[in-house]
Amino acid sequence: DGAAVEKLLNGEHTLTAPGFGFMDVPTAGTIQGCYSCERINDRYQLCYVDYAAGTRAPLCPVEGCTHEDENCPAYSPVYRNVAVVGDWVLTSGWDDDDTNSLDVRKLDGSEKRILISGAKSDLLYPWGFALEGDKVWLSKEHKAVLLDPATGEIEMGADIPLLFTNVGVLGSGVLHLNSNGDELVEEHYQSTGDLLADERQEWEIRNQATVTLSAWDPRTGEEVPLQSWIQGEWRFLCVWNNKVVLFSEEQNCIEIRDLVTGEVETLMENWPEDQYIKEATLWDDRLVLETVWKAEPDNTQTWKNCLFALDMENGQVTEITLRNRGGQGTTLPRIMGESEDKFYVICSTASEENPQSVMAMISKADYYAGVDSMEPIKDMF
């Protein structure tokens, strides 16, 4: 109801969502550059990509360091998940003794210290499910905890819902999706012994399920339902500016529903019927949609992925025509990060039989215009 929404918006605490990149992988970075754990020969390195310089180097402030062993602050024997919270870089992962740990350091790699070690519970990834100022909400032992990277202090919150798929924030609430699909299957499913028929039956039942987008307060556990739709009629794409973005394959359109006012706006009323949307991500106030041609008897050998950029303000659609270099594959320059005027992308320079991924920078203007001015990132190892 309206009072509950007002309480979310006007509460003492306001949350922000972690940045998400391609395939819903959180973007660990700032407008100046991004951080990632990279495999270098037989080890891993916490690296920093400087957008302005176009370089990638170990995040190590030690002068003269070889970056080859545990004496290097950027070194790790195993892969680490990475996040940026305020002025801090957080990394976490499983250690050799089968326990989980989380450490923190400044954006320049200095002042590294361990915040949590020896954890055997469900200490989740360091990007968590919401940011509160310079603090981050994480999960520990199925409870929400607010971590301050600067001090290591933890504030205990509410029990996390059993079914929890977080997709954004609204005021003091974490937005998450849930469905009654399992309940409908349990109530209506009856096996026939024909595996294909049974699979079709379950799919049809789940398409009748109601999907609900709710706001959950990590401090109190209070939950406020905001929007609902039928799973077979609408597909969730993302949350943008306190609005949920949905796609209807049947109606060939994108619909935007305001979570505060309830107002509805329709974009792309004539979406191409032969384009199936695989992924949707938000960059530069545009919804970047990766699609594939739907299966048809006469094009199964010539499928290709496509990218479209939908301007959320005016509804204008631009097809991204850039392709990989030096081969016949269909790899696209997928966006991994952005500065004010450039995109950080991953592209391919070889054929599908021998793919070679390359990280590069390209101006946003050229990306939209299809001008191949990608400059590969220089590794400083």
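Before we start: Ala, Val, Leu, Ile, Met, Phe, Trp, Tyr, Cys and Pro count here as nonpolar, Asp, Glu, Lys and Arg as charged, and the others, Gly among them, as polar. The model is predicted, so local features need pLDDT of at least 70 and side-chain atom pairs count only at pLDDT 80 or more, while totals for chains, interfaces and linings use all residues. Residues are numbered from 1 along each chain as its sequence is written, and side-chain values use heavy atoms, with hydrogens and water left out.

**Stop 1: the whole chain**

Show the protein chain as a cartoon: it has four helices and 29 strands. Both kinds of element are DSSP runs, numbered from the N terminus (helices: H or I, at least four residues; strands: E, at least two). Of the 381 residues, 48% are buried, where buried means under 20% relative accessible area, exposed over 50% and partly exposed in between (1.4 Å probe, protein chains only). Among contacts (heavy atoms within 4.5 Å) with a separation of 6 or more, 43% are between residues 24 or more positions apart.

**Stop 2: the second largest pocket**

Select Asn207, Gln231, Trp234, Arg235 and Phe236, which lie nearest the centre of the second largest pocket among its 22 lining residues. A pocket is found on a 1 Å grid over the protein atoms alone, as an open set of points where a 1.4 Å probe fits, with protein on both sides within 12 Å along at least five of seven lines; lining residues have an atom within 4 Å of a point. The space in this one is about 540 Å³, a volume being the space filled by probe spheres set on points joined across faces, edges and corners.

Which elements give two or more residues to the lining of this second largest pocket? They are S13 (165-170), S14 (173-179), S17 (235-240) and S18 (243-248). The largest share, three residues, comes from S14. Colour the lining by class and you get eleven nonpolar, seven polar and four charged residues.

**Stop 3**

Eight bridges join S1 to S2 (residues 43-50), and the two run antiparallel; pairing takes at least two DSSP bridges between strands. Pick Cys37 and you will find its bridge partner, Leu46, in S2. Two residues separate the strands of this hairpin, and Asn41 in the turn has a positive phi of about 55°.

**Stop 3**

Cys72 is buried, at 2% relative accessibility.

**Stop 4: Ser139**

Go to S10 (residues 135-140), where Ser139 is found. Ser139 is buried, with a relative accessible area of 3%. Draw a C-alpha to C-alpha distance to Asp159, 20 residues apart in sequence, and it reads 9.2 Å.

**Stop 5: an open sheet**

Finish with the four strands in the order S25-S26-S27-S28, an open antiparallel sheet. S25 (334-338) and S28 (375-376) stand at the edges with a single partner strand each, so one side of each is left without a neighbour in the sheet. S25 pairs with S26 (residues 342-348) over four bridges, and Gly337 has Tyr344 as its partner in S26.

In the loop between S25 and S26, click Ser339. Is Ser339 buried or exposed? At 9% relative accessibility, Ser339 counts as buried. Leaving aside residues up to four places away in sequence, Ser339 touches Ile31, Tyr51 and Lys364.
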